[in-house]
Amino acid sequence: MMRRNSIKPALAAASLIALMATLGPASAQSPQLSSDVVKKGEYLARAGDCVACHSAPEGKVFAGGRAMPTPFGTLYTSNITPDPETGIGRWSADDFYMTMHHGRFPDGGLLYPAMPFGSYTKVTREDSDAIFSYLKAIAPVHQANRPHELDFPYNNRSLILGWRTLFFKEGEFERDPNKSDEWNRGAYLVEGLGHCGMCHTPINALGGSRQSEAFQGGLIPMQDWYAPSLTSNKEAGLGGWSLEEISDLLQKGVSTRGAVYGPMAEVVFNSLQYMTDDDIRAMAVYLKSIAQDEPATPRPSVATSEASLLISLGKTVYDKQCSSCHGAAGEGKPPDYPPLAGNQSIQMESAVNGIRMVLNGGYPPATYKNPMPHGMPPFAVNLSDDEVAAVVSYIRTAWGNRGTPVSAADANKLRSAPLQ
């Protein structure tokens, strides 16, 4: 299902070069950025993926203004450049740490939890100060913050006190003395700066998540992508991956096991590709350690005439549209074309990602270590809802895969999912 297209990867590579030129090297932007502390801050800001939220499309880097749709209304990210009037130019390091660690503005006001202070609270004071030093050294942008557009009663900030009581636990990362330095470094990055739990932990109706459900996966609100469980080998399956395979996926965006798309592709593009090999390996060590259950036992097949017709149609569509890249038996051509046979991401209880890939296609991110990624074309125009459902059902059940069929209604619902 994935085909080579020379234009899109070239554009992706050009975008990558443009982003590199915008963000670094740090020393090219200001004489102040020659200090080790500020360079460290630049690295940590990338590890925290600050640019993703605090830079609007076509806007100035870190000047804010990016719309963040939520079930409660739209939030707009803030200007974190050192402009004294509209940014953080008048903040102190204590003010910045209060925001990161306590989830409060310098005047004590409460931040909405779209800012991942639930994760950033684990960041050390030393690292917080380094990030602040970097942000104070970049070019200021005079751009006023846009007011949020939240529905009643969510526009009442005092309600955040209740949310914090239920879902926010303040405190820096605590090392596990029984684990290695590498494991602890990985845990610090994943749980803290990386704020991986923001997507990979299920979110309830109040927009909160509980520590007891950390990294168990869930649908990302307003985006219609499913972030797989990192604790279950039945979903992300990292417990059965090698450290090299996990590291490649995080840093390159592709590995012999699969590729990243959707929101995770943005994370790799903006953040993970810039991290050191040692830090990426540390994250891989930690992620592998928390995935401990065994793969699911085969589900009983549903032997109905309707299911049989669906799978039969799906094989026809697959043989015509997909087999040239992914192989007649789903073996793929890794790392360029991911295998589908035995691929845990194909077999998850949620079929959202598989349906979206067939409908919308996509590319892994262009990265330093994989600058010209292979991509997959969209089939939303070429295939009907029945055909999309059929081919996804076939992929989820063929070659020993343990997924379940999906319906045409499932495919139709996701045709209107946001592409960004």
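Visitor: Is Asn343 buried or exposed?

Guide: Asn343 is buried, at a relative accessible area of 11%, where buried means under 20%, exposed over 50% and partly exposed in between, with a 1.4 Å probe and protein chains only. This is a predicted model, in which local features need pLDDT of at least 70 and side-chain atom pairs count only at pLDDT 80 or more, while totals for chains, interfaces and linings use all residues. Residues are numbered from 1 along each chain as its sequence is written, and side-chain values use heavy atoms, with hydrogens and water left out.

Visitor: Where is Asn343 found, and what does it touch?

Guide: Asn343 is in the loop between helix H14 (323–326) and helix H15 (344–347); helices (H or I, at least four residues) and strands (E, at least two) are DSSP runs, numbered from the N terminus. Not counting residues up to four places away in sequence, Asn343 touches Arg257 and Asn401, contact being heavy atoms within 4.5 Å.

Visitor: Which side chain makes a polar contact with that of Asn343?

Guide: That is the side chain of Ser345, at 2.6 Å. A polar contact is a pair of N or O atoms within 3.5 Å; within protein, one must be able to donate a hydrogen and the other to accept it, and residues adjacent in sequence count only if both atoms are side-chain atoms.

Visitor: Switching to H4, which residues are buried there?

Guide: In helix H4 (residues 93–102), the buried residues include Asp95, Phe96, Tyr97, Thr99, Met100 and His101, and their cover includes helix H5 (117–120) and helix H6 (125–137). Just after H4, Gly103 takes a positive phi of about 70°.

Visitor: Which residues of H4 and H6 meet?

Guide: From H4, Ala93, Asp94, Phe96, Tyr97 and Met100 meet Arg125, Ser128, Asp129, Ile131, Phe132 and Leu135 of H6.

Visitor: And the largest nonpolar core, how many residues has it?

Guide: The largest nonpolar core has 57 residues, and Leu135 and Leu287 have the most contacts inside it; such a core is a set of buried Ala, Val, Leu, Ile, Met, Phe, Trp, Tyr and Cys residues joined through side-chain atoms within 4.5 Å. Helix H12 (residues 277–290) gives the largest share of this core, 7 residues.

Visitor: What is Leu287 in contact with?

Guide: Leaving aside neighbours within four places in sequence, Leu287 is in contact with Val190, Leu230, Leu238, Ile246 and Leu250. A second, separate core of 31 residues includes Tyr261, Phe379, Ala389 and Val391.
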